[in-house]
Amino acid sequence: MYKLTDPSEIRRLMTKYGKNFKKSLGQNFLTDEEVLDDIIRCSEIKKGDLVLEIGPGIGVLTCKLAGTGAEVTAVEIDDTLLPILAETLADFDNVNVINADFMKLTLNDIFKGKASENRKIKVAANLPYYITTPILMRLLESRSVISSITVMVQKEVAERLTAQSGNADCGAISLAVQYRAKAEIVRVVPSKSFMPAPKVDSAVVKLTILDEPAVKVSDEKLFFRLIKGGFAVRRKTLQNSLLVGAGIPKEKTLAALTELGLSPTVRGEALSLKDYADLTEYFKKIL
Ligand code: SAM
(Lines give C-alpha, C1' and ligand atoms only; values in the text may rest on other atoms or scores of the structure.)
Protein backbone atom coordinates (compact mmCIF):
# COMPACT_ATOMS: atom_id res chain seq x y z
CA MET A 1 0.00 0.00 0.00
CA TYR A 2 1.29 3.47 -0.88
CA LYS A 3 1.20 6.36 1.57
CA LEU A 4 0.46 8.97 -1.08
CA THR A 5 -0.01 11.80 1.41
CA ASP A 6 3.63 11.41 2.46
CA PRO A 7 5.79 14.05 0.68
CA SER A 8 8.77 11.67 0.50
CA GLU A 9 6.60 9.05 -1.24
CA ILE A 10 5.33 11.68 -3.70
CA ARG A 11 8.93 12.74 -4.39
CA ARG A 12 10.03 9.12 -4.80
CA LEU A 13 7.33 8.39 -7.38
CA MET A 14 7.91 11.64 -9.25
CA THR A 15 11.66 10.95 -9.45
CA LYS A 16 11.15 7.32 -10.46
CA TYR A 17 9.07 8.41 -13.47
CA GLY A 18 11.10 11.60 -14.25
CA LYS A 19 8.07 13.78 -13.57
CA ASN A 20 7.89 17.44 -12.49
CA PHE A 21 4.91 19.30 -11.02
CA LYS A 22 3.15 21.23 -13.78
CA LYS A 23 2.07 24.51 -12.26
CA SER A 24 0.13 25.41 -15.41
CA LEU A 25 -2.15 22.38 -14.81
CA GLY A 26 -2.76 23.27 -11.17
CA GLN A 27 -0.77 20.31 -9.86
CA ASN A 28 -0.86 20.76 -6.09
CA PHE A 29 -1.17 17.31 -4.57
CA LEU A 30 -3.01 16.73 -1.31
CA THR A 31 -0.82 15.61 1.60
CA ASP A 32 -3.38 15.72 4.41
CA GLU A 33 -4.96 12.42 5.41
CA GLU A 34 -7.65 14.11 7.51
CA VAL A 35 -8.83 16.22 4.58
CA LEU A 36 -9.04 13.14 2.37
CA ASP A 37 -11.15 11.38 4.99
CA ASP A 38 -13.43 14.42 5.20
CA ILE A 39 -13.95 14.42 1.42
CA ILE A 40 -14.86 10.71 1.48
CA ARG A 41 -17.19 11.11 4.49
CA CYS A 42 -18.99 14.20 3.12
CA SER A 43 -19.41 12.85 -0.37
CA GLU A 44 -21.25 9.83 1.16
CA ILE A 45 -19.78 7.54 -1.49
CA LYS A 46 -20.55 3.88 -1.00
CA LYS A 47 -20.04 0.54 -2.71
CA GLY A 48 -21.49 0.42 -6.22
CA ASP A 49 -21.85 4.22 -6.62
CA LEU A 50 -20.78 5.80 -9.90
CA VAL A 51 -18.01 8.26 -9.09
CA LEU A 52 -16.25 10.84 -11.24
CA GLU A 53 -12.92 12.34 -10.23
CA ILE A 54 -11.45 15.16 -12.30
CA GLY A 55 -7.65 15.31 -12.08
CA PRO A 56 -6.46 12.28 -10.10
CA GLY A 57 -2.82 13.46 -10.06
CA ILE A 58 -0.82 10.57 -8.62
CA GLY A 59 -3.99 8.98 -7.23
CA VAL A 60 -4.14 10.01 -3.57
CA LEU A 61 -7.91 10.64 -3.58
CA THR A 62 -8.54 8.02 -6.27
CA CYS A 63 -7.22 5.24 -3.99
CA LYS A 64 -9.54 6.35 -1.18
CA LEU A 65 -12.51 6.56 -3.57
CA ALA A 66 -11.75 3.12 -4.96
CA GLY A 67 -11.39 1.79 -1.41
CA THR A 68 -15.12 2.44 -0.85
CA GLY A 69 -15.97 -0.14 -3.53
CA ALA A 70 -17.49 2.52 -5.81
CA GLU A 71 -17.05 2.41 -9.60
CA VAL A 72 -14.56 5.22 -10.09
CA THR A 73 -13.72 7.00 -13.33
CA ALA A 74 -10.88 9.51 -13.16
CA VAL A 75 -10.14 11.95 -15.99
CA GLU A 76 -6.55 13.21 -16.09
CA ILE A 77 -5.20 15.56 -18.78
CA ASP A 78 -1.49 14.98 -18.08
CA ASP A 79 -0.25 11.82 -19.80
CA THR A 80 3.04 11.90 -17.89
CA LEU A 81 1.04 10.94 -14.77
CA LEU A 82 -0.36 7.77 -16.36
CA PRO A 83 2.55 5.44 -15.48
CA ILE A 84 2.40 6.64 -11.87
CA LEU A 85 -1.36 6.06 -11.74
CA ALA A 86 -0.88 2.61 -13.27
CA GLU A 87 1.42 1.79 -10.35
CA THR A 88 -0.56 3.39 -7.50
CA LEU A 89 -3.93 2.05 -8.67
CA ALA A 90 -2.68 -1.42 -9.65
CA ASP A 91 -4.51 -3.13 -6.77
CA PHE A 92 -7.94 -1.83 -7.80
CA ASP A 93 -10.15 -3.28 -10.53
CA ASN A 94 -12.89 -0.70 -9.96
CA VAL A 95 -11.01 2.34 -11.34
CA ASN A 96 -10.93 3.52 -14.91
CA VAL A 97 -8.49 6.29 -15.84
CA ILE A 98 -9.26 8.35 -18.94
CA ASN A 99 -6.44 10.47 -20.33
CA ALA A 100 -8.25 13.58 -21.60
CA ASP A 101 -9.11 17.21 -21.01
CA PHE A 102 -12.31 17.07 -18.95
CA MET A 103 -13.58 20.20 -20.70
CA LYS A 104 -13.57 18.37 -24.04
CA LEU A 105 -15.71 15.44 -22.85
CA THR A 106 -19.41 15.01 -22.13
CA LEU A 107 -20.54 12.86 -19.21
CA ASN A 108 -21.89 10.48 -21.82
CA ASP A 109 -18.40 10.14 -23.36
CA ILE A 110 -17.11 9.31 -19.89
CA PHE A 111 -19.83 6.98 -18.59
CA LYS A 112 -21.08 5.55 -21.91
CA GLY A 113 -24.76 5.57 -20.96
CA LYS A 114 -24.21 4.07 -17.49
CA ALA A 115 -25.29 7.26 -15.71
CA SER A 116 -28.99 8.10 -15.68
CA GLU A 117 -31.66 9.74 -13.56
CA ASN A 118 -31.92 6.41 -11.75
CA ARG A 119 -28.18 5.96 -11.36
CA LYS A 120 -26.63 9.32 -10.71
CA ILE A 121 -22.97 10.25 -10.50
CA LYS A 122 -21.21 11.55 -7.40
CA VAL A 123 -18.33 13.86 -8.22
CA ALA A 124 -15.36 14.10 -5.86
CA ALA A 125 -12.19 15.98 -6.76
CA ASN A 126 -9.40 18.30 -5.80
CA LEU A 127 -9.94 20.61 -8.75
CA PRO A 128 -7.22 22.33 -10.80
CA TYR A 129 -7.72 25.96 -9.73
CA TYR A 130 -7.10 27.59 -13.11
CA ILE A 131 -10.29 26.04 -14.45
CA THR A 132 -12.57 25.59 -11.41
CA THR A 133 -15.52 27.73 -12.53
CA PRO A 134 -15.79 26.31 -16.09
CA ILE A 135 -15.65 22.76 -14.67
CA LEU A 136 -18.37 23.50 -12.12
CA MET A 137 -20.58 25.23 -14.70
CA ARG A 138 -20.22 22.21 -16.96
CA LEU A 139 -21.15 19.84 -14.14
CA LEU A 140 -24.12 21.97 -13.07
CA GLU A 141 -25.40 21.94 -16.63
CA SER A 142 -25.49 18.11 -16.46
CA ARG A 143 -27.33 18.14 -13.16
CA SER A 144 -29.97 15.58 -14.16
CA VAL A 145 -27.41 12.75 -13.91
CA ILE A 146 -25.39 14.09 -10.96
CA SER A 147 -26.44 13.80 -7.31
CA SER A 148 -23.60 15.65 -5.59
CA ILE A 149 -20.32 17.45 -6.22
CA THR A 150 -17.76 17.47 -3.40
CA VAL A 151 -14.71 19.43 -4.44
CA MET A 152 -11.64 21.24 -3.19
CA VAL A 153 -11.48 24.79 -4.53
CA GLN A 154 -9.72 28.01 -3.55
CA LYS A 155 -11.20 29.39 -0.33
CA GLU A 156 -12.38 32.59 -1.98
CA VAL A 157 -14.11 30.58 -4.71
CA ALA A 158 -15.80 28.50 -2.00
CA GLU A 159 -17.07 31.72 -0.45
CA ARG A 160 -18.42 32.86 -3.82
CA LEU A 161 -20.09 29.51 -4.51
CA THR A 162 -21.95 29.61 -1.20
CA ALA A 163 -22.69 33.39 -1.06
CA GLN A 164 -26.25 34.65 -0.67
CA SER A 165 -27.69 37.66 -2.55
CA GLY A 166 -26.63 41.01 -1.14
CA ASN A 167 -23.34 39.57 0.18
CA ALA A 168 -20.17 41.12 -1.30
CA ASP A 169 -18.99 37.65 -2.46
CA CYS A 170 -22.18 36.98 -4.42
CA GLY A 171 -21.65 36.71 -8.17
CA ALA A 172 -23.32 35.15 -11.21
CA ILE A 173 -21.81 31.76 -10.25
CA SER A 174 -23.40 31.98 -6.76
CA LEU A 175 -26.85 32.29 -8.33
CA ALA A 176 -26.12 29.52 -10.85
CA VAL A 177 -25.26 27.30 -7.86
CA GLN A 178 -28.31 28.39 -5.83
CA TYR A 179 -30.53 27.60 -8.82
CA ARG A 180 -29.36 24.03 -9.03
CA ALA A 181 -27.91 22.99 -5.67
CA LYS A 182 -27.68 23.35 -1.94
CA ALA A 183 -24.11 24.51 -1.27
CA GLU A 184 -22.08 24.25 1.91
CA ILE A 185 -18.45 24.74 2.89
CA VAL A 186 -17.37 21.48 4.50
CA ARG A 187 -14.04 22.73 5.79
CA VAL A 188 -11.24 25.17 5.17
CA VAL A 189 -7.90 23.63 4.15
CA PRO A 190 -4.61 25.46 4.77
CA SER A 191 -2.10 25.76 1.93
CA LYS A 192 0.38 23.59 3.85
CA SER A 193 -1.89 20.59 3.18
CA PHE A 194 -0.59 20.44 -0.41
CA MET A 195 2.65 19.71 -2.20
CA PRO A 196 3.79 22.10 -3.53
CA ALA A 197 1.86 24.53 -1.29
CA PRO A 198 -0.27 26.95 -3.32
CA LYS A 199 -0.25 30.68 -2.43
CA VAL A 200 -3.82 30.65 -1.13
CA ASP A 201 -5.88 28.61 1.31
CA SER A 202 -8.50 26.20 0.00
CA ALA A 203 -11.84 24.79 1.09
CA VAL A 204 -13.89 21.67 0.45
CA VAL A 205 -17.35 22.53 -0.85
CA LYS A 206 -20.29 20.18 -1.21
CA LEU A 207 -23.02 20.92 -3.75
CA THR A 208 -26.04 18.68 -3.31
CA ILE A 209 -28.00 18.82 -6.54
CA LEU A 210 -31.68 19.69 -6.14
CA ASP A 211 -34.29 17.41 -7.73
CA GLU A 212 -35.92 20.49 -9.22
CA PRO A 213 -34.29 23.92 -9.76
CA ALA A 214 -34.84 26.31 -6.82
CA VAL A 215 -37.09 28.61 -8.88
CA LYS A 216 -39.28 28.01 -11.93
CA VAL A 217 -38.23 29.74 -15.15
CA SER A 218 -39.69 29.22 -18.59
CA ASP A 219 -36.53 30.34 -20.44
CA GLU A 220 -33.23 29.31 -18.82
CA LYS A 221 -31.15 30.94 -21.54
CA LEU A 222 -32.73 34.33 -20.89
CA PHE A 223 -32.53 33.74 -17.11
CA PHE A 224 -28.75 33.21 -17.26
CA ARG A 225 -28.33 36.11 -19.70
CA LEU A 226 -30.02 38.37 -17.14
CA ILE A 227 -27.96 37.00 -14.23
CA LYS A 228 -24.70 37.45 -16.14
CA GLY A 229 -25.83 40.91 -17.25
CA GLY A 230 -26.91 41.85 -13.73
CA PHE A 231 -23.39 41.23 -12.41
CA ALA A 232 -21.57 42.67 -15.45
CA VAL A 233 -20.89 46.04 -13.82
CA ARG A 234 -20.46 45.99 -10.05
CA ARG A 235 -21.71 48.84 -7.86
CA LYS A 236 -23.86 50.22 -10.69
CA THR A 237 -27.64 50.07 -11.01
CA LEU A 238 -29.30 47.10 -12.66
CA GLN A 239 -30.38 49.45 -15.44
CA ASN A 240 -26.72 50.21 -16.26
CA SER A 241 -25.52 46.68 -15.75
CA LEU A 242 -28.14 45.08 -18.00
CA LEU A 243 -27.43 47.68 -20.67
CA VAL A 244 -23.69 46.89 -20.65
CA GLY A 245 -23.89 43.16 -19.88
CA ALA A 246 -27.02 42.06 -21.73
CA GLY A 247 -27.71 44.86 -24.22
CA ILE A 248 -31.11 45.64 -22.68
CA PRO A 249 -32.19 49.30 -23.01
CA LYS A 250 -32.50 51.11 -19.69
CA GLU A 251 -36.15 52.07 -20.20
CA LYS A 252 -37.09 48.39 -20.54
CA THR A 253 -35.31 47.52 -17.29
CA LEU A 254 -36.99 50.46 -15.58
CA ALA A 255 -40.39 49.22 -16.77
CA ALA A 256 -39.59 45.72 -15.47
CA LEU A 257 -38.47 47.03 -12.08
CA THR A 258 -41.61 49.14 -11.74
CA GLU A 259 -43.81 46.19 -12.68
CA LEU A 260 -42.08 43.98 -10.08
CA GLY A 261 -42.21 46.64 -7.37
CA LEU A 262 -38.41 46.96 -7.13
CA SER A 263 -36.46 50.21 -6.73
CA PRO A 264 -35.36 51.81 -10.04
CA THR A 265 -31.85 52.20 -8.57
CA VAL A 266 -31.50 48.65 -7.30
CA ARG A 267 -28.16 46.96 -8.09
CA GLY A 268 -27.89 43.61 -9.83
CA GLU A 269 -26.05 42.05 -6.90
CA ALA A 270 -28.92 42.88 -4.53
CA LEU A 271 -31.51 40.84 -6.45
CA SER A 272 -32.46 37.37 -5.30
CA LEU A 273 -32.77 34.29 -7.48
CA LYS A 274 -36.56 34.73 -7.38
CA ASP A 275 -36.19 38.37 -8.56
CA TYR A 276 -34.18 37.15 -11.57
CA ALA A 277 -36.83 34.50 -12.26
CA ASP A 278 -39.55 37.20 -12.17
CA LEU A 279 -37.48 39.46 -14.42
CA THR A 280 -37.09 36.57 -16.87
CA GLU A 281 -40.85 36.09 -17.15
CA TYR A 282 -41.36 39.85 -17.64
CA PHE A 283 -38.61 40.26 -20.26
CA LYS A 284 -39.72 37.16 -22.08
CA LYS A 285 -42.92 38.99 -22.98
CA ILE A 286 -41.30 42.25 -24.14
CA LEU A 287 -37.83 41.47 -25.56
N1 SAM B 1 -6.30 14.59 -7.11
C2 SAM B 1 -4.91 14.92 -6.89
C3 SAM B 1 -4.69 15.32 -5.44
O4 SAM B 1 -5.68 15.55 -4.76
O5 SAM B 1 -3.56 15.38 -5.02
C6 SAM B 1 -4.43 16.02 -7.84
C7 SAM B 1 -5.18 17.32 -7.75
S8 SAM B 1 -4.39 18.64 -8.62
C9 SAM B 1 -5.02 20.02 -7.69
C10 SAM B 1 -5.33 18.81 -10.13
C11 SAM B 1 -5.17 17.72 -11.16
O12 SAM B 1 -6.01 18.03 -12.28
C13 SAM B 1 -3.78 17.57 -11.71
O14 SAM B 1 -3.43 16.20 -11.73
C15 SAM B 1 -3.87 18.08 -13.16
O16 SAM B 1 -2.95 17.49 -14.05
C17 SAM B 1 -5.32 17.74 -13.50
N18 SAM B 1 -5.94 18.58 -14.55
C19 SAM B 1 -5.67 19.87 -14.84
N20 SAM B 1 -6.46 20.30 -15.84
C21 SAM B 1 -7.25 19.25 -16.20
C22 SAM B 1 -8.26 19.07 -17.20
N23 SAM B 1 -8.63 20.08 -18.02
N24 SAM B 1 -8.85 17.85 -17.32
C25 SAM B 1 -8.47 16.82 -16.49
N26 SAM B 1 -7.51 16.94 -15.53
C27 SAM B 1 -6.92 18.14 -15.39
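**Cavities and pockets of the predicted model**

About 30 Å³ of space lies in the second largest cavity, a cavity being a set of points on a 1 Å grid over the protein atoms alone where a 1.4 Å probe fits but cannot get out. This cavity is lined by Gly-26, Asn-28, Asn-126, Leu-127, Tyr-129 and Phe-194, lining residues being those with an atom within 4 Å of a point. Its lining divides into three nonpolar, three polar and no charged residues, where Ala, Val, Leu, Ile, Met, Phe, Trp, Tyr, Cys and Pro count as nonpolar, Asp, Glu, Lys and Arg as charged, and the others, Gly among them, as polar. The model is predicted, so that local features need pLDDT of at least 70 and side-chain atom pairs count only at pLDDT 80 or more, whereas totals for chains, interfaces and linings use all residues. Residues are numbered from 1 along each chain as its sequence is written, and side-chain values use heavy atoms, with hydrogens and water left out.

Of the 27 residues that line the largest cavity, Ile-54, Gly-55, Pro-56, Glu-76 and Pro-128 lie nearest its centre. Two or more lining residues come from each of strand E1 (29-30), strand E2 (50-54), helix H3 (60-67) and strand E3 (71-76), the elements being DSSP runs numbered from the N terminus, with helices (H or I) of at least four residues and strands (E) of at least two. By class, the lining of the largest cavity has 18 nonpolar, six polar and three charged residues.

Pockets, in contrast to cavities, are open sets with protein on both sides within 12 Å along at least five of seven lines. The largest pocket has a volume of about 290 Å³, and among its 14 lining residues Lys-23, Gly-26, Asn-28, Pro-198 and Lys-199 are the closest to its centre.

For the second largest pocket the volume is about 190 Å³, and its lining includes Thr-133, Met-137, Phe-224 and Lys-228. Helix H6 (132-141), helix H8 (172-180) and helix H9 (220-230) each give two or more residues to this lining, with the largest share, four residues, coming from H8. Because domain 1 (7-209) and domain 2 (220-286) both contribute lining residues, the second largest pocket lies between them, the domain bounds coming from an automatic or database domain assignment.

Conventions. Points joined across faces, edges and corners; volume = space filled by probe spheres on them.
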